[in-house]
There are 2 protein chains.
Amino acid sequence: MIGTATKGQRTRDAILTQAVAATVRVGLGGLTLGDLATDTGMSKSGLYAHFGSKEQLQLAVLDTAAEEFAATVVRPALHAPRGEPRIRDLADRWLACGLDRSPGGCVIVKAGTELDDQPGPVRDRLRAMHLELADTITRIVAGGITEGQLRADLDPAQVAFDLYGVMLAFFHTHRLLDDPHAHARARRAVDALLAAARNPTLPTPETTR
Amino acid sequence: MIGTATKGQRTRDAILTQAVAATVRVGLGGLTLGDLATDTGMSKSGLYAHFGSKEQLQLAVLDTAAEEFAATVVRPALHAPRGEPRIRDLADRWLACGLDRSPGGCVIVKAGTELDDQPGPVRDRLRAMHLELADTITRIVAGGITEGQLRADLDPAQVAFDLYGVMLAFFHTHRLLDDPHAHARARRAVDALLAAARNPTLPTPETTR
């Protein structure tokens, strides 16, 4: 029984890997069980057995993408030293995930605009994920204030807003405009954000890049 | 003949108004001639007569959205005094278009992530529009340097990148997160961008808000 469950889980994971990759191209709305059957070599009825409905599939795609993003960007960054190094680490990993066209990170970003006007459980799930992400960034920034590295009068939620804007501008400039300067511009924007956030009573830290 | 042409043009415009509104919800990929026939009360064959193909319809939707965005945001801003007032005017109009959920502006923003991984004429058209927009913002910022209001060592293309990031973060925070502070955060981000860009040899301008 355990062996069967494991095989079922492996099949489900393999389908979801294909589904996330397809979603990067065509969006959650463009994802069809028919195309996915072709991509995976499975029957549509076999896919229905795993997900039941297109909505269940879309929710599973979001969960898979969010887990990939958390595993490659957010959780590793939480191991960096608290304060500015942690913010930089998060930003660097996030930019790398955009540069590499990592499917999970791209789906989380792209689904944000796709679903914003489509009320329902899929939008609710994505909104909850983005609120959690904004909350995590806000707490990372607040940690920098506690450490004394960042200005005491800083609004951490504002920095989270600003940082998400840099990431969105990077994805746009890299992925749509095909601009080779996208990464450098994004790093400069992060540098400027951190420079403005830094506690002015501290000496300027050694430049790391 | 002229009367007929005008009627055809009016019908085409009415179809495109519906099509842009539908695109805000479902994206360019989700736009179907079938749904549009239902929305407009026309036959699918009547719609084919106007657009020929889904791709032609998508291109016409982008052109319509871009014209609305240019008419309500970009062209009026070019009448504001050169330099910082023009940047502020552009930003204020852009934020207003997001707050009002103006269909044209939203389509231009949303299509950016939808199409970034879908090579073809529709992506090419959108990319050209966004490059033109980035170029316009860059020239508006460069005008502020020429006027002496902004720092001579400023990189206008970087400011255009940064400003687009603020707008994307605003759309995300307002439209997906439903955050009532989205507008205030975006204005604060624009203020910070302009404060960092300002020529330090000039006296601080009177605060306008």
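The model is predicted: local features are reported only where pLDDT is at least 70, side-chain atom pairs count only at pLDDT 80 or more, and totals for chains, interfaces and linings use all residues. Residues are numbered from 1 along each chain as its sequence is written, and chains are lettered from A, with ligands numbered from 1, in the order in which they are written.

Chain A contains nine helices and zero strands. Helices here are DSSP runs of H or I with at least four residues, strands are runs of E with at least two, and both are numbered from the N terminus. Read from the N terminus, the order of elements in chain A is α-α-α-α-α-α-α-α-α. The C-alpha trace of chain A spans about 65 × 40 × 30 Å along its principal axes. Chain A has 209 residues, of which 41% count as buried. A residue is buried if 20 or more other C-beta atoms lie within 10 Å of its own, exposed if 12 or fewer do, and partly exposed in between, with C-beta atoms placed from the backbone. Of the contacts in chain A with a separation of 6 or more, 64% join residues 24 or more positions apart. Two residues are in contact if their C-beta atoms, placed from the backbone, lie within 7 Å.

Within chain A, helix 5 (residues 84–99) packs with helix 8 (residues 156–176) at an angle of about 20°, and the axes are 10 Å apart. Axes are lines fitted to C-alpha atoms, for helices over the stretch in contact, and angles run from 0 to 180 degrees between N-to-C directions. Helix 5 and helix 8 of chain A are therefore roughly parallel. Angles under 35 degrees count as roughly parallel, over 145 as roughly antiparallel, 65 to 115 as roughly perpendicular and the rest as oblique. The crossing of helix 5 with helix 8 in chain A is right-handed; a crossing is right-handed if the near helix is turned clockwise from the far one by less than a right angle, and left-handed if anticlockwise. On the side of helix 5 of chain A the contact involves A:Ala91, A:Trp94, A:Leu95, A:Gly98 and A:Leu99, and on the side of helix 8 of chain A it involves A:Leu163, A:Met167, A:Phe170, A:Phe171 and A:His174. Eight residues of this contact are nonpolar, two are polar and none is charged. Ala, Val, Leu, Ile, Met, Phe, Trp, Tyr, Cys and Pro count as nonpolar, Asp, Glu, Lys and Arg as charged, and the others, Gly among them, as polar.

In chain B, helix 7 (residues 121–146) and helix 8 (residues 156–176) have axes that come within 8 Å and cross at roughly 120°. That angle makes helix 7 of chain B oblique to helix 8 of chain B. Their crossing is right-handed. Helix 7 of chain B contributes residues including B:Ala134, B:Ile137 and B:Val141, which meet residues of helix 8 of chain B including B:Pro156, B:Val159 and B:Leu163. Eleven residues of this contact are nonpolar, one is polar and none is charged.

Between the chains, 35 residues of chain A are in contact with 35 residues of chain B. Helix 8 of chain A gives the most to the side that touches chain B, with twelve residues. That side of chain A consists of 14 nonpolar, eleven polar and ten charged residues. Chain A is superposed on chain B by a rotation of 180° with 0.0 Å of shift along its axis (RMSD 0.0 Å), which is the relation of a two-fold axis. Superposition is by least squares on the C-alpha atoms of residues with pLDDT of at least 70 in both copies. Among residues of chain A, A:Gly165 comes closest to the rotation axis, at 2.1 Å (C-alpha). The copies meet through the same surface, because 100% of the interface residues of chain A are also interface residues in chain B.

The axes of helix 6 of chain A and helix 6 of chain B come within 9 Å and cross at roughly 140°, and the two helices are therefore oblique to each other. This crossing of helix 6 of chain A and helix 6 of chain B is left-handed. The contact is made by A:Val109, A:Lys110, A:Thr113 and A:Glu114 together with B:Val109, B:Lys110, B:Thr113 and B:Glu114.
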